[in-house]
Amino acid sequence: MRITPVPYDHPDAAKLTDLVQLEYAERYGGEGDVTPLAPGMFSPPSGLFLIAYDERDRPVATGGWRAMDENGENYRDGDAELKRMFVIREARRQGLSRRILALLEEDARQAGRLRMVLETGTKQPEAMALYESSGYSPTEKFGVYRHEPNSRCYAKPLR
């Protein structure tokens, strides 16, 4: 597996983002995650977007972080928000999420961010298990889904 940074609007990123949105729609109904995202949010040094490619150079996993600071949605100064963590079904259970997560955490740490935060939902128990086993703890809700009962927010100090 090869993991490489790409722009958020790279064609492979768009392909995998469409797939994760379909999975969100299947699990929760609706149109997927409606959090407003723009390509520039994932541009270094205030963010990063990664894609994992398999041995046949097919995109199989993604993950990114974007810098967030205190605002009306309960973010804190120095937050790095994890977004679009996703592994296609055929490539799951190979440790890709953990590898991408570690790379994103290190990059955000190097960028001076203080904690990594993420929002997931109760219909993604495997995601909740990944984050909890990676040192994330439940935190106050933030972001677009902060008022949703099925939303779960996690944080991990980066320093």
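Guide: Let us take helix α3, residues 125-133, whose buried residues are Ala127, Met128, Leu130 and Tyr131. Buried means under 20% relative accessible area, taken with a 1.4 Å probe and protein chains only. Helices (H or I, at least four residues) and strands (E, at least two) are DSSP runs, numbered from the N terminus.

Before we go on, a word on the model. It is predicted, so local features need pLDDT of at least 70 and side-chain atom pairs count only at pLDDT 80 or more, while totals for chains, interfaces and linings use all residues. Residues are numbered from 1 along each chain as its sequence is written, and side-chain values use heavy atoms, with hydrogens and water left out.

Now, what lies over that buried side? The cover of the buried residues of α3 includes strand β4 (79-87), helix α2 (96-110), and strands β5 (115-121) and β7 (151-157). Contact here means heavy atoms within 4.5 Å.

After α3 comes glycine 135, which has a positive phi, near 95°.

For a comparison elsewhere in the model, look at Tyr8, Phe42 and Phe49, which form one aromatic cluster. Tyrosine 8 and phenylalanine 42 are both buried, and phenylalanine 49 is buried as well. Rings of Phe, Tyr and Trp (its six-membered ring) pair if their centres lie within 6.5 Å; planes under 30 degrees apart count as stacked, over 60 as edge-to-face and the rest as tilted.

Definitions and conventions
Buried < 20%, exposed > 50% of the residue type's maximum accessible area, 1.4 Å probe, protein only.
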